[in-house]
Amino acid sequence: MFEDLHVEIRRPGQLPVYGQVLRDLRGGAHVPGEDFEVRIGGTDTPVRVSLAQLYAHPAMRYTAGAHVRVENAGGVWYGQIVHYESGFYDIRLGGGGDDDIIRVPVSEVSLSETVLAMPQSRLLAAWTPNISKGAEGSEQIFLARLRRGFEEHLPGFGRLSQDVVQTVLPDLVRRWFYDVSFGINATEWWPVLDRFPPQMQRQVSAFAKALADCFIAQMKQSRTHLARILTRYAHLLLVVKEVRTRFDDEHYGLFVQQLSDRIVVDLPLMGILGGEMSGDMFGIGATLIAKPNSLLMVTQKDDPLDHADSLVAFTRGCVSDGSRVRKVVIPKGKNVNETIRKEAFDWMQKANCICWLKGYELGTRFLNRRELWRGSELRNRIRTVWGVSDAGGFTSKHDALATWLEKRHKVPVGKLARSKVLVIWSRFTGKKGEIHIEHDTSFEGTRQLIDRALNAWGFDFVFIAGDKPIVHRDVGSVEGRKHKFDEMCAVIGKGRAFNLTCFWEDETSRMWCGGRMDQFKLYEFLHRVADTRHLGMRSGNLEAMALMGYWVRYMEEEGSWGASRMTHWHDIGLGYERIVISLPPTRSGKHFVHTLRTVPVSLGKKATASAPKMMTYITFRNRGVPGTVQVAKPKDEPKPPDIAKQVKGFAPKDLLEIGRHLTSVNWSRR
């Protein structure tokens with residue numbers, strides 16, 4: 001009943017030690033003097049002690065409202081701590097009023113038998129005043145444990161003002177919970193878990209404790225910053241009345257980020273992936289491979305950006321048990337978050353497990369630990385599941401791949417051995433009407449990269465991979481646009497550059513490519529026969545290359561939205577590193593950055609907070625074009641005239657930076 005109650009143990013002839021109560025032994029024929037079994041702090045060693053040897057834990061001593069026993073010249077009496085100061089307690093006599101307060105030295109105070117005799121619900125309430133006010137069930141367990149974390153790791157906890165204890169700390173806990181969850185408030189989370197079937201309530205309690213332990217472990221790690229976080233937050237909440245700026249404090253942001261990472265690692269997970277977020281499926285697929293107690297829900301909406309079916313097919317291919325991945329269709333007109341929450345909690349019951357919900361950044365959060373990439377174990381598992389290892393079936397496709405490259409694309413396969421190869425990734429996602437047009441491929445930029453790769457950076461061969469150019473309604477020459485990459489390869493490459501964009505759509509590739517994961521075998525072939533390096537604007541496809549162990553550099557402009565999320569993969573041995581350029585290589589991308597970032601700042605305003613999902617002039621000109629975003633009534637908007645004023649391609653200084661990254665690492669010897 002009294003598990004986790006923190007105590008100080010004073011035994012004759014021994015120094016005081018601290019611990020947590022494991023069991024109450026007072027009942028039946030217990031051994032006299034062995035009233036409680038207590039785990040000594042920091043060890044797994046249990047000891048049996050008498051009630052007389054248990055005293056208030058130092059952290060508890062400074063807690064207003066703690067029930068205590070006092071023994072002095074006036075005999076034995078009981079009360080509640082009102083205030084602590086310089087080794088003395090002000091204690092309200094049990095049952096007394098505001099005037100019945102007596103000051104006594106710390107040495108005369110010990111745990112009250114009344115506390116240890118309380119029912120568990122009253123005990124938790126006594127230990128968690130204010131923070132758990134109104135809480136019950138699993139939330140009460142969570143908050144009770146968290147309260148002790150504050151007592152142990154928040155400097156000066158016992159001297160906090162009542163305003164802070166009663167208002168700021170509870171709000172801070174709620175914000176922490178919301179900021180690391182899938183946008184769910186604690187009030188929406190715990191009541192649902194407490195309504196789970198009785199046979200799952202032990203799991204619910206264990207989950208509440210495990211979640212609180214994540215909070216406490218992070219508080220311990222961030223101990224030196226907690227006081228500053230709390231001071232700033234108290235000011236924001238009690239003075240400014242504005243808490244949305246909490247992330248302006250770097251320590252708060254870091255705390256939440258590290259807490260989120262810890263939860264993702266320590267708790268069972270259910271990822272929530274929107275059907276339009278196809279670029280995130282590779283990191284999430286790798287997480288499903290690495291973390292067996294993880295589930296994935298893919299949501300499908302009536303949305304032109306939706307790729308839910310292909311996401312489900314790929315991620316199910318990552319696990320032996322396909323039931324770990326589920327597609328949920330969001331009915332038209334229904335609230336998306338409410339539908340997701342209901343489906344998630346229903347799935348937990350059916351799967352008989354409690355999971356923490358995490359959004360599209362699940363893969364980024366779970367895979368960002370250096371220890372995962374120190375050895376080859378996880379990498380080998382990913383490569384096998386994705387079909388690029390010998391055990392995964394690569395060797396059975398090797399000869400067919402070599403034949404296809406030579407006959408279909410005139411690649412001199414025999415000359416690839418020990419050569420230096422650059423794979424340039426083409427991206428036209430923004431031109432299709434989706435997000436991040438600033439990360440699209442530039443024709444002029446691609447020409448520049450091919451030219452410098454072959455003539456200045458020491459590469460023997462170049463391959464263009466990824467998306468085909470978009471042939472929209474404003475294109476002057478349809479055939480010219482379709483074959484633009486072919487022309488570049490012929491004119492600049494002269495037999496050393498090859499266009500492999502959308503190769504999976506070519507019927508001739510069926511001789512070796514039968515599905516999404518088979519596509520990886522092409523890059524594995526290049527990886528094995530040559531020193532191959534991958535380069536492109538930020539894209540989920542490049543994340544997949546890094547996860548399989550290839551050399552990857554992605555590019556994005558200064559101030560890029562979402563840049564910080566992928567920096568977690570830098571410098572951890574994953575092989576996924578960034579090249580920061582000054583501006584995007586496309587004219588549309590430069591216009592986008594100028595209009596939504598540069599202009600507002602020049603006018604004394606903040607840059608637009610998030611990238612728009614679509615640019616209306618693009619969705620209008622794409623009307624009726626296969627493979628692009630379609631809207632029911634696209635706005636007839638002409639292409640902004642200032643786009644034509646922008647310069648095509650990469651800036652000269654950016655080309656120098658790209659070349660430095662591509663050539664600064666020694667070429668491998670095979």
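How many residues does helix H9 have, and how far does the helix reach from its first C-alpha to its last? Let's find out in the first view, after a quick word about the model. This is a predicted model, in which local features need pLDDT of at least 70, side-chain atom pairs count only at pLDDT 80 or more, and totals for chains, interfaces and linings use all residues. Residues are numbered from 1 along each chain as its sequence is written, and side-chain values use heavy atoms, with hydrogens and water left out.

View 1. Helix H9 covers residues 250-266; helices (H or I, at least four residues) and strands (E, at least two) are DSSP runs, numbered from the N terminus. H9 has 17 residues and reaches 24 Å from its first C-alpha to its last, close to the 24 Å expected at 1.5 Å a residue. That expected span is 1.5 Å times one less than the number of residues in the helix. Several residues of H9 are buried, among them His 251, Tyr 252, Phe 255 and Leu 259. Here, buried means under 20% relative accessible area, exposed means over 50%, and partly exposed lies in between (1.4 Å probe, protein chains only). At the start of H9, look for Asp 249: one of its side-chain oxygens comes to within 3.0 Å of the backbone nitrogen of His 251.

**View 2. Ser 442 in its loop.** Ser 442 sits in the loop between strand E15 (420-426) and helix H17 (443-455). Ser 442 counts as buried because its relative accessibility is 8%. Its side chain reaches the backbone nitrogen of Glu 444 at 3.3 Å. Not counting residues up to four places away in sequence, Ser 442 touches Pro 585, Thr 586 and Gly 649; contact means heavy atoms within 4.5 Å.

**View 3. Arg 39 in strand E3.** Strand E3 (residues 36-40) is the place to look for Arg 39. With 29% relative accessibility, Arg 39 counts as partly exposed. Leaving aside neighbours within four places in sequence, its contacts include Tyr 18, Gln 20, Asp 44 and Pro 46. Arg 39 and Val 7 are 32 residues apart in sequence, and their C-alpha atoms are 9.9 Å apart in space.

View 4. A salt bridge is a side-chain nitrogen of Lys or Arg within 4 Å of a carboxyl oxygen of Asp or Glu. The whole structure has 36 salt bridges. In this one, Asp 171 pairs with Arg 175, and the closest N and O atoms are 3.4 Å apart. Both residues lie in helix H5 (residues 162-180), four residues apart, which is about one turn of the helix. Is Asp 171 buried or exposed? Asp 171 is buried, at 10% relative accessible area, while Arg 175 is partly exposed at 28%.

**View 5. A salt bridge between distant parts of the chain.** Asp 390 and Arg 528 meet through their side chains in a salt bridge (2.9 Å, N to O). This pair links distant parts of the chain, 138 residues apart: Asp 390 is in the loop between helix H14 (377-385) and helix H15 (395-409), and Arg 528 is in helix H20 (residues 520-529). Asp 390 is partly exposed at 47%, and Arg 528 is partly exposed at 32%.

Note on methods:
Polar contact = N/O pair within 3.5 Å; in protein donor to acceptor, adjacent residues only side chain to side chain.
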